[in-house]
Every structure is written in structure tokens, then in C-alpha cells.
Amino acid sequence: MEIKRTWRTSTTYFSLGFLLLCVQSGKLAAISIKGSQIKDTHIQNIDIDAEYELLDMDHQEQQLEEPKLIGIPINRGPYFDTSASKNVTALVGKTAYMNCRVHNLGNRTVSWIRHRDLHLLTVGRLTYTSDLRFQSIHNPQTEDWSLQVRYPQKRDSGVYECQVSTTPPISHCMQLSIVEPITVILGGPELFINTGSTINLTCIIRHSPEPPPGIYWTHDNSEISYDSPRGGVSVITEKGEITTSYLLIQRAKDPDSGKYTCSPSNANPISVTVHVLN
């Protein structure tokens, strides 16, 4: 015998004389009854927001001890793709985007809420705040809803919630971190080097979401040439979560004294004064 029944409710009962099925509070129970005694019970978790079919339930006497119940999802509601909705780190003043990907949205709407003050920022593509730096961006050909924050400042850091208007609403939270890269030269602001030794200036860039595309060194505001007749000048740069640039000047002489500046392309410059001692 094949029984097909589709339901969409938080609580459903139906009886076939020998079998009682109960769906309640997200649990699916199959209880086999023989005479006036309950012979066996099977309980499993289900998604009460989905639709299910019951298939292939054999009611022969030898099968009553273990009824076969197969739940097959038919129409799942909206859900988040967390692999495409992650925390974001961005630079001060550089536009930041937080992405929220929602599958099976249907006719529901997506809203963005700032947790710091529980402020409703956007609903759908409409902005509900007087701070026009915030804007919801959606491409109808995708399932992505992005919150754009223009000219972000450190005060914009915090938790932001992407919410879908189901009943009850579902939400996914993300952390926005607005950072300002820090540039330092080890041993500064002044270094004293003996004549004939090697000047080793180490510039470190921290808290940058991505390695700086370029790092430029200057000496007394003039760009350093690595193939000048002086020779013995080189730069080694190691890029990563923390980027380090080493300026090496061999056989230091008095003209090598002065102000050296390390200028990352995405961070503030930093200077150090070098004194070459006779």
C-alpha cells in the first residue's frame, strides 16, 4: 500500500487504525499499534517549515513492528548561505560591503539592522536611516543583498544583522571591523649607526586588510635609487597579514645620515632619523 499525504502545519495527527502519526514541535513520530498495545515508536527531527510526503508504508502484519516512514522535503523556506556571508574588515574611509546571501527568498524582504543601537538601516532596497552612507545593494540576478557603508569610520565597527521577514523572522549576524593600518620603523625615531656598518631599517605595517601594493622609501624626501653609483642599497619586502619591508644600506657613510621615510600605499608614512657616527 502506498500512502501520500502532504502537510504544512506545526501539529498534524492522522490514524490508519494500525498506525498513528504525529508531527508536533519539530518531531516526527511513527507508532505501531497491535491490538490495544503500542508495539514500537520511532522519532526523528524534521523541519516544520517544510512540506513532506509519506511514501511506501507497508501495513502487512509482519511490518507492523517497524513501520517505514520516509520524509522528503518538497519546499524549503528561506535560508542563509553562511559561506558567502562572512565578517568584514575594511580600512577607514574606504567603502565597505557586507554581503548576505539568502536562498529561496520568495516574496520575503531582507533588512539590515545595526546592533549597537538596534537601528533599522534598510528594508529591501530602501534606506531607513538619515545616515546616507548606508545603502542596500541587490542584483536581481543574484541572491546577494549587500550593505554598503561609504566613508566608514572606526565608530562603525560592530555587529550588523541581516534579517528575513519570515514568521518568525530569521537572521544572520556579521562583524564589521573598521581599522586604520599602523606603520612603525623599529628603533625609531632616531638611530645611531657607526661608519662602515650596515644600516638596516625595518618598516612594519599592521592591521591592513590586504598587503600594501607598494612600499616606497625616501631619504630626505628624495626617492631612494637602488641602482645608483653608490651601490650597496637594497630592499626586501615580505607581504602577509603583517607586511615588513627592510631597507639595507651597506658601508654607511656620513652622507647616508638624514631622514628616512617608509610610505606604504595603503597606510600612513613613518619616518626615522639616522645618524652615521665617525
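The model is a predicted one.

Me: How many helices and how many strands are there in the protein?
Reply: Of the 278 residues of the protein, 39% count as buried. Contacts between residues 24 or more positions apart make up 54% of those with a separation of 6 or more. The secondary structure consists of zero helices and 23 strands.

Me: In what order do the six strands of the open sheet stand?
Reply: Strand 8 (residues 110-114) pairs with strand 13 in the antiparallel sense over five bridges. Strand 14 (residues 170-179) also pairs with strand 13 in the antiparallel sense, over seven bridges. The pairing in the open sheet as a whole is mixed, and the order is 6-14-13-8-9-10.

Me: Which residue in strand 10 stands opposite threonine 122?
Reply: Strand 9 (residues 119-123) and strand 10 pair in the antiparallel sense. Two bridges join strand 9 and strand 10. The residue of strand 10 opposite threonine 122 is threonine 127.

Me: Which residue in strand 14 is the bridge partner of valine 164?
Reply: Strand 13 and strand 14 form a hairpin with five residues between them. Their antiparallel pairing extends over seven bridges. Within strand 14, the bridge partner of valine 164 is isoleucine 170.

Me: Which residue in strand 13 is the bridge partner of arginine 114?
Reply: Strand 8, residues 110-114, pairs with strand 13 in the antiparallel sense. Five bridges connect strand 8 and strand 13. The partner of arginine 114 in strand 13 is tyrosine 160.

Me: What is the geometry of the one aromatic pair, and how is the pair classed?
Reply: The count comes to one aromatic pair. The ring centres of phenylalanine 134 and tyrosine 160 are 6.4 Å apart. Phenylalanine 134 lies in strand 11 (residues 134-138) and tyrosine 160 in strand 13, so the pair ties together parts that are 26 residues apart in sequence. The planes of the two rings stand at 35°, so the pair is tilted.

Me: Are phenylalanine 134 and tyrosine 160 buried or exposed?
Reply: A residue counts as buried under 20% relative accessible area. Phenylalanine 134 has 1% relative accessibility, and tyrosine 160 has a relative accessible area of 1%. Phenylalanine 134 is therefore buried, and tyrosine 160 is likewise buried.

Me: Which hand does the disulfide of cysteine 100 and cysteine 162 have?
Reply: The sulfur atoms of cysteine 100 and cysteine 162 are 2.0 Å apart. Cysteine 100 lies in strand 7 (residues 96-103) and cysteine 162 in strand 13, so the pair ties together parts that are 62 residues apart in sequence. Both cysteine 100 and cysteine 162 are buried. The torsion about their S-S bond is about -85°, so the disulfide is left-handed.

Me: What is the torsion about the S-S bond of cysteine 203 and cysteine 262?
Reply: Cysteine 203 and cysteine 262 form a disulfide, with their sulfur atoms 2.0 Å apart. Cysteine 203 lies in strand 17 (residues 199-206) and cysteine 262 in strand 22 (residues 258-264), so the pair ties together parts that are 59 residues apart in sequence. Both cysteine 203 and cysteine 262 are buried. Their disulfide is left-handed because the torsion is about -80°.

Me: What pattern do the disulfides of the protein follow?
Reply: The structure holds two disulfides. Bonded cysteines are counted along the chain.

Me: How far is the sulfur of cysteine 173 from the closest cysteine sulfur?
Reply: Cysteine 173 is partly exposed, with a relative accessible area of 35%. A disulfide requires sulfur atoms within 2.5 Å. The closest cysteine sulfur is in cysteine 162, too far for a bond, at a distance of 9.3 Å.

Terms used:
Residues are numbered from 1 along each chain as its sequence is written. This is a predicted model: local features need pLDDT of at least 70, side-chain atom pairs count only at pLDDT 80 or more; totals for chains, interfaces and linings use all residues. Side-chain values use heavy atoms; hydrogens and water are left out. Two strands pair if DSSP finds at least two bridges between them. Helices (H or I, at least four residues) and strands (E, at least two) are DSSP runs, numbered from the N terminus. Buried means under 20% relative accessible area, exposed over 50%, partly exposed in between (1.4 Å probe, protein chains only). Contact means heavy atoms within 4.5 Å. Rings of Phe, Tyr and Trp (its six-membered ring) pair if their centres lie within 6.5 Å; planes under 30 degrees apart count as stacked, over 60 as edge-to-face and the rest as tilted.
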